[in-house]
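Please read it beside the model.

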Amino acid sequence: MTLPRRSAAILATALLGAFAATAARADEVQVAVAANFTAPMQKIAAQFEKDTGHKAVLSFGATGKFYSQIRNGAPFEVFLAADDETPARLEKENGILPGSRFTYAIGKLVLWSAKPAIVDNQGEVLKKGGFDHLSLANPKLAPYGAAAVETMKALGAYDTLAPKFVQAENIAQAYNFVATGNALLGFVAYAQVLDEHGQLKGGSVWLVPGKLYSPIRQDAAILEKGTINGKAKPAAEALVKYLKGDKARAVIKTYGYDL
Amino acid sequence: MPFGPDDWNAVLLTLKLAGTTTLLLLLFGTPIAWWLARTRSWLKGPVGAAVALPLVLPPTVLGFYLLVTLGPNGPIGQLTQSLGLGLLPFTFPGLVLASVLYSMPFVVQPLQQAFESLGERPLEAAATLRASPWDTFFSVALPLARPGFVTATILGFAHTVGEFGVVLMIGGNIPEKTRVVSVQIYDHVEALEYTQAHWLAGGMLVFSFLVLLALYGSKARSRHGY
């Protein structure tokens, strides 16, 4: 029975080695990321890990949903919201490290269709009609959904368009409804329709003028779970610092955000 | 009372969806169950397995495939469009189709068990009395399988009421068309409207308990020969 015993020994050594490697490596940081920021954050997190050795574990979803999860004890340490109100509310409720709030990006809303030549560059298609479904993120939960509602109200088209709404649980699902063609058009985040070089991935798009909706200031903060004895944990602090750095800012701009 | 018109609409829509689905499943599920119970074909295994799939598949799998196949680029989507029916996602008929697939095993399996437990004898007896196969089915098999129908109806209805994942993926959350109770509860919870969420969620809890109580209660009674 030497063989099994030896393989057991090898296995044990390998396991020990793996544990040692984890322990020696830098920390992990749990990050809640607004769904519109998915693609840029994946890129930033990969660079962050390469540059600092810390690992950012990412969860994507609607900002309102993250808020309720954080209030109920979710283990997130850093929060990248899709608005500035939610982090501000968390600060009032002592849910974040005081003074850690900052704007990491200013989001842009677009009207998008996966088909070319559907959306014109004035958004006239909204008034002309010719579509059954208009996809948007649930305005109660997602800031981009609220911005879409604001835009339609500013255009005076809300009441005629409301019966065509299909509401997605978050902005990623709103994109998904349009990408699969089930909704001919929808309001999504500019970043979602751009590739990593800042080019339109496909279809037709209208970049909604900023005067039609209140600016989508996307704030980040270090959450209570990201602190220890009233100070930021090293990995959380490093991530926030990294987000403010040139490398991350370049990625954020490529995806069409203002800074 | 914190039960808004939206909540009532969601309740009515859910009952309508569950009712329609159950009716369709009894209609189409009965012949399938009958065939599964009586056949000696090699297809029995594959068909039985296909019917049972929703028991083990996550709703996301069903929802994903429905979204893709019913969409404008999918085979069923192209069929429904060429028939002039339009596209099924985000519509009530689309939800009915999804629910029929999703709740199928909850109706077909109890019926199949009921038909199987009849055995050959009552059917043979009817045949010797020169009853036609149809007559045998309606006058002998159906009445004898009554407990199976009760179980199938209750489970099919209750399971459709409890549907969530598939609806979330292909429903689009449209009031009075696809916003069912489970989705409405989800929205309330996500928006921290816990009071409204409690009313609906508590209602669902009581409803589900009563349904199962009726089911198990009736089973216990029939076992004791009342």
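This is a predicted model: local features need pLDDT of at least 70, side-chain atom pairs count only at pLDDT 80 or more; totals for chains, interfaces and linings use all residues.

The points below take up a sheet in chain A and then a pair of helices in chain B.

1. In chain A, five strands make up an open sheet, ordered β2-β1-β3-β10-β4, with mixed pairing. The edges are taken by β2 (55-61) and β4 (102-107) of chain A; each has a single partner strand, so one side of each has no neighbour in the sheet. On average, and ignoring direction, neighbouring strands of this sheet are turned by 20° against each other.

2. Within that sheet, strand β1 (residues 28-34) of chain A runs parallel to strand β3 (residues 78-80) of chain A, and three bridges join them. Opposite Val31(A) stands Val78(A) of β3(A).

3. Helix α9 (residues 234-244) of chain A packs on the sheet and touches β1, β3, β4 and β10 (216-222) of chain A. The direction of α9 makes about 50° with that of β1(A).

4. In chain B, helix α1 (residues 5-38) and helix α8 (residues 146-161) have axes that come within 8 Å and cross at roughly 140°. The two helices, α1(B) and α8(B), are therefore oblique to each other. Their crossing is right-handed.

5. Which residues make the contact of α1(B) and α8(B)? From α1(B) they include Leu15(B), Ala18(B), Gly19(B) and Thr22(B), and from α8(B) they include Phe149(B), Ala152(B), Gly156(B) and Phe157(B). By type, the residues of the contact of α1(B) with α8(B) divide into eight nonpolar, eight polar and no charged.

Notes:
Residues are numbered from 1 along each chain as its sequence is written. Chains are lettered from A and ligands numbered from 1 in the order in which they are written. Side-chain values use heavy atoms; hydrogens and water are left out. Axes are lines fitted to C-alpha atoms, for helices over the stretch in contact, and angles run from 0 to 180 degrees between N-to-C directions. Helices (H or I, at least four residues) and strands (E, at least two) are DSSP runs, numbered from the N terminus. Angles under 35 degrees count as roughly parallel, over 145 as roughly antiparallel, 65 to 115 as roughly perpendicular and the rest as oblique. A crossing is left-handed if the near helix is turned anticlockwise from the far one by less than a right angle, and right-handed if clockwise. Contact means heavy atoms within 4.5 Å. Ala, Val, Leu, Ile, Met, Phe, Trp, Tyr, Cys and Pro count as nonpolar, Asp, Glu, Lys and Arg as charged, and the others, Gly among them, as polar. Two strands pair if DSSP finds at least two bridges between them.
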